[in-house]
Amino acid sequence: MADVSDLKITEAYLDVRSDKSDTSWLLLDYENDRSDKLVLTQTGSGGLADLRHALDDSKASYGYARVTYSNDKESRREKFIFVVWIGSGCKVMRKAKISVHAANVKEVLRVYSIEVAARERDDLKEDPIILRLRKAGGASYDGV
């Protein structure tokens with residue numbers, strides 16, 4: 001079981017969700033290699049590109065991000081994604097706990113449209129994620 005009790009996590013989650021904030025993503029990492037306690041390590045306002053650069057190949061992390069896109073010139077949508085990052089250098093025992101810990105993290109980062117399992121930074125490119133969000137969004141009038 002992952003410890004997600006740090007109040008900074010909830011504060012950052014609410015900040016990402018707030019329409020009055022420029023913060024568009026947050027990143028949670030384990031306190032250390034042996035701990036199951038998660039801590040807020042970074043937040044940012046640079047979108048998915050910014051979040052991709054913050055990921056560490058040696059770690060397993062959890063992210064939450066606001067993605068803004070348009071279906072046409074008059075509409076703008078904001079959706080949220082939950083990211084489970086497993087870097088290529090992540091230790092085997094950490095990988096083994098990810099699915100159980102992700103469920104604990106989802107109790108705090110609970111409102112999102114899609115979950116993205118990322119093993120490479122390219123898994124967080126904006127265009128494929130926006131395509132998935134459009135498909136998850138229901139009715140589509142632009143052929144997607």
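Author: Happy to! Helices (H or I, at least four residues) and strands (E, at least two) are DSSP runs, numbered from the N terminus. Residues are numbered from 1 along each chain as its sequence is written. This is a predicted model, where local features need pLDDT of at least 70 and side-chain atom pairs count only at pLDDT 80 or more, while totals for chains, interfaces and linings use all residues, and side-chain values use heavy atoms, with hydrogens and water left out.

Reader: Which helix holds His101?

Author: Look for the run covering residues 92–106. His101 is found there, in helix 3.

Reader: Is His101 buried or exposed?

Author: Buried means under 20% relative accessible area, exposed over 50%, partly exposed in between (1.4 Å probe, protein chains only). His101 counts as buried because its relative accessible area is 1%. Its contacts (heavy atoms within 4.5 Å), leaving aside residues up to four places away in sequence, are Met1, Ala2, Tyr30, Asp36, Tyr62 and Arg94. So the answer for His101 is buried.

Reader: Why do the buried residues of helix 1 line one face?

Author: Helix 1 (residues 7–17) has Ile9, Ala12, Tyr13 and Val16 as its buried residues. Seen down the helix 1 axis, they line one face because they fall within an arc (taken from the directions from the helix axis to the C-beta atoms) of 105 degrees.

Reader: What do the buried residues of helix 1 pack against?

Author: Leu7 and Glu11 are exposed on the other side of helix 1. The buried residues pack against strand 1 (25–30), strand 2 (38–44), strand 3 (60–69) and strand 4 (77–86).
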